[in-house]
Amino acid sequence: MINEKTAPALNIKDLCVAYQQEGEWWEAVHEVSLQIQPGEIYGLVGESGSGKTTLALAVLRYLGKNGMIRQGKIELSGVDLVQLQPAEMRKLWGHQMALIPQNPQSSLNPAMRVGDQIAEVYRHTQDMETGEARHKAVEMLREVNIPDPGRVTLSYPHQLSGGMQQRVLIAMALSSNPSLLILDEPTTNLDVTTQATILDLLRSLIEQRQTAALYITHNLAVVAQMCRRAGVLYAGRLVEEAFINELFARPLHPYTQGLLESMPRLGDHKDSVRLRAIEGRAPVFGDIPSGCVFRPRCPIANEICETNPPLSVLPEGRKVRCHRWEVSLNEAGRSHLPDGRSDRNTTEKHQLQPLLSLEGVSVHYPLKRSLREVVRREPKRAVRAVEGMDLKILSGQTLGLVGESGSGKSTLARATLGVVDKTAGTIELLGIQLPDKLSRRTLDTLRKVQSVFQNPEEALNPYLTVGEILQRPMMTLLGWSRQEAIGRVPDLLRAVRLPAMYAERLPTQLSGGEKQRVAIARASAAKPNLLICDEPVSALDVSVQASILNLLEDLQAEHGNSLLFISHDMAVVGFLADTIAVIYLGELVEIAETGDLFKSPYHPYTEALLSAIPGTKVESRRVAAPLVGEIPSPIEKPGGCPFHSRCPRLVGEICKRQPPPWQSQQGSSKRYLCHIPWEELQAQQGDIQGFEISRG
Amino acid sequence: MLGYSLRRLGFLLLTVLLTSVIIFSVTQWLPGDVCRIILGREAGEKALDACRQDLGLEAPLPVQYLRWLADFSGGDWGQSFSTRTDIFPLVMQRLLNSLRLAVLTLLISVPLAVGLGVLAGLNEGKLVDNLISIGSLSVVGLPEFVTGILLIQLFSFELRRWGLPSLPANSSIRPEAGFVESLPSLILPAITATLVLLAYIARLTRSGVLEEMKQSYVRTADLKGLPRHIVVVRHILPNALLPTITVIAISFGWLISGLVVIENVFNYPGLGRLLVFAIDRRDLPLMQAVALVTVVGFALANLVADLVYALLNPRIRYTEGN
Ligand code: SF4
Ligand code: SF4
């Protein structure tokens, strides 16, 4: 139990941290105060550039040469860390405080066995003998639920999956039982199902050990699931702090409100909800507005906001830094659209033409055989990335593709684009078979299928101006003259809500969200029939995500193009897609119109994906075992049902031996691939209990 | 690892074979008839023909090449045109000398350069770093003959003038001298070569250390509470020194055959000077022999570098050929 009366484990007071850039000092964290009790997980929410990682490093006193604590106190169990010498800090690291970092892969020494990396903590900080330290390392790995810990200690980091690597780092951080644990986006690069198990593990370990934890993340849903209290950081300022349930039920600061409303929740659909994006961009170093830092983006700002807002402390123990929070409270709320808003959905589905159909598409990558395999004449092996995929996209519709990394969703997109060769099957566009090779596709085909990828940084040529980037597809695909193409650039920019003067800029002068807009403008320049979007928002901040999703939707409403939308995020896919296909290990396991997908029964894998979303649970009438292990390698694919090695609802031998049949029922658009019949599965699963945030 | 090593070895053989073809054909394209070179300008047609017959120059080129290669592998490297002695023992003697100098140079320069580089990297921007950078840069700019002559002046002539024990200015050594006996003659040339390599290896090491210090795993190691020296020795160095190893191997190749200037300044009988001598006299068989020995030396050094690199880098050891 957390006792508010006891002295806090961590007490940060008026902390200001500055960074040096090109010879000048900029304040990255400004007058932040917060307390964390022993056993409490405190969430610190912020987008990129908000100063959250700087704050974490300041608490650890690990800022590096360009960082400096300007003022304030950081008290850990009563000792002010700001006053300590580096040598004294080194004695606290590992003993009193530990960090669980964001990128497990790069946070482990690539040239050292995992067991040695844990054991050395015991050897050098607790003076343990080598043998005993090894023994303790195995024990620690067992504690973080690593199967066969003895074998894992002998592995090198690159031989482990991301989830395993993160467990190793957790074991390392907890090995000396610190009183403060700092978690910096510890699950951000992991798959949802892995994230879910890691979060569970962290919660129980922190509770057991009564550690104080500072949980830093951009993911509001994770905060909702993990934390008791949370603070929202914007441009280095703590703009709001509250208990979790209050923060989500009644956000007071316009920025917090913006964050919550810009995030699609499970079950939100574009036909009924409009995401409210936060306009503008977060301030960068040296460009902090005077008065309230949020003023340029705030929908309710007025003259009073030109002065610095004070931090108001409200009776129920929450804090907010805004002049007009009482006003904002009334103006909050998401915009629900009136029914039947869009006319494009009035067309009956069966009247729509299929634009793209995939039949039996497989993509195998042959593996190079090692010397030994050649000598022993072992058969050639292949990565079976996509297997026997049947899919259709109707014209003007959006097909969403969900699955974890390694599920083959990106490979499928690439095969459609003609960037990888398919091994079998046919891909038809408007009834005409597409050749495999990009070079053998006609200009018109290329024009019809365009794409937007996850990382806008890599997609735009850094040496061309935005205008030149946009002219290219019109000149090459539509055969326009340069003059004509230049003439259309302002229209394109307007369509993606960028000012016309951006035509002169280089990609490096744009923010991540703006680059993605340019990428979208380029993809739509030649009026494609199909836009393939592979994780187009997953590299972007939440507030920017919303505007991109809105944009994709608007463009579709205007041009009537189809969308193949690929994401690992169920809520995002659910928001945008008309039909959702769930794929696992390269095979389609469930497909349904969006509304039907969220109704039971669900394919056991879909159920696992839905349950893994922080704050969401599928009601289970017959309790299922937890999802075990990680996605197997597509080389040694299990026979029978592809999901049987991890399935929580495994029926028995039949799942391992026999490929399951499709199950469907009258009145539902849903089909799923499983041995468990419709009614029986329905009897085991209930509804999705979405977004429960009112945890005591 | 075994598969990896075998593959590397295969590559080595291929490289050597390919360069042997090049070396062979270059000598074919050189202007002038070999026999005319051997026999001199005044030789009559008859003598020339006999000579050509003798050397097998009538046969088609591929056959000549194969014959040459077979002889070469068998240790029959032919006779030098200019000295009229067997090439094999001559080249081997010089190779041994070059190896001695190379090994001594590496023994001096590697610990010194790596040490300085690590010191500079760990103290980036501080006085030590600046001193090391300026010092090594100013040395690397000087040509070897300048540093060589300076060293001779200092450690040979000056010391002798003051009646102190001094090092020989002329490093020519008896062919049958052992390592210990030849050591005094080796020291000055080795130091000169060290000065050339020092800045190069030190700077590379420094940037390797800086690069690794930025990595997240170093932060992890620090925040585990490990003592700083453990972080440096166990975490930073094994990764930071990887690129240095490759460069050391390549330097070894250079030390064996590229020290022409240094060998000349000190009058040291190494491979480099032999090559110059051969070129001077248009002594084709000798040129070929030295060139091929050099190539094999380079390739072996690279092989060793690859293997050591793999040994230190589990990402290679455990993903390739396993
Ligand atoms: S102080 Fe003004 S500008 Fe700042 S958040 Fe409140 S209302 Fe918006
Ligand atoms: S067929 Fe069996 S293993 Fe596959 S999803 Fe259904 S119950 Fe699970």
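Tutor: Happy to. Counted over all chains, the structure holds 38 salt bridges, a salt bridge being a side-chain nitrogen of Lys or Arg within 4 Å of a carboxyl oxygen of Asp or Glu. Residues are numbered from 1 along each chain as its sequence is written, while chains are lettered from A and ligands numbered from 1 in the order in which they are written. The model is predicted, so local features need pLDDT of at least 70 and side-chain atom pairs count only at pLDDT 80 or more, whereas totals for chains, interfaces and linings use all residues; side-chain values use heavy atoms, with hydrogens and water left out.

Let's start inside one helix. A:Arg494 and A:Asp491 join their side chains in a salt bridge, 3.5 Å from N to O. About one helical turn separates A:Arg494 from A:Asp491, because they are three residues apart in helix 18 (residues 482–495) of chain A. Helices here are DSSP runs of H or I with at least four residues, strands are E runs of at least two, and both are numbered from the N terminus.

Next, the place where the two chains meet. Chain A brings 31 residues to the contact and chain B brings 25 residues, with contact meaning heavy atoms within 4.5 Å. The size of an interface is often given as the accessible area lost when the parts come together. Between chain A and chain B the buried area is about 2600 Å², and carbon and sulfur atoms give 57% of that; buried area is the accessible area (1.4 Å probe) that two parts lose on being put together, summed over both. Three salt bridges are counted between chain A and chain B. In one of them, the side chain of B:Glu124 meets that of A:Lys65 at 3.4 Å, N to O. There are also 12 residue pairs in polar contact between chain A and chain B, both residues at pLDDT 80 or more. A polar contact is a pair of N or O atoms within 3.5 Å; within protein, one must be able to donate a hydrogen and the other to accept it, and residues adjacent in sequence count only if both atoms are side-chain atoms. On the side of chain A that touches chain B, two or more residues each come from strand 6 (97–100), helix 3 (104–107), helix 4 (114–125) and helix 7 (162–174) of chain A. Helix 4 of chain A gives the most, with seven residues. By class, this side of chain A has 16 nonpolar, nine polar and six charged residues, where Ala, Val, Leu, Ile, Met, Phe, Trp, Tyr, Cys and Pro are nonpolar, Asp, Glu, Lys and Arg are charged, and the others, Gly among them, are polar.

Now to surfaces within a chain. Chain A is divided into domain 1 (10–245), domain 2 (256–336) and domain 3 (349–529), with bounds from an automatic or database domain assignment. Between domain 1 and domain 2 of chain A, the C-alpha centres are 29 Å apart. Domain 1 of chain A puts 19 residues into their contact and domain 2 of chain A puts in 18 residues. The buried area between these two domains of chain A is about 1900 Å², with 61% from carbon and sulfur atoms. A:Leu220, A:Tyr234 and A:Glu241 supply 30% of what domain 1 of chain A buries there, more than any other three residues. Two salt bridges are counted between domain 1 and domain 2 of chain A. A:Glu241 also pairs with A:Lys319 in a salt bridge, the closest N and O atoms being 3.5 Å apart.

Chain B has its own version to look at. Its assignment gives domain 1 (2–73) and domain 2 (88–312). 17 residues of domain 1 of chain B are in contact with 15 residues of domain 2 of chain B. The area buried between domain 1 and domain 2 of chain B is about 1500 Å², 81% of it given by carbon and sulfur atoms. On the domain 1 side, B:Leu12, B:Ile23 and B:Phe72 lose the most area to domain 2 of chain B, together 29% of what that side buries. One salt bridge is found across this interface of chain B. The side chains of B:Asp306 and B:Arg8 also meet in a salt bridge, at 3.0 Å from N to O.
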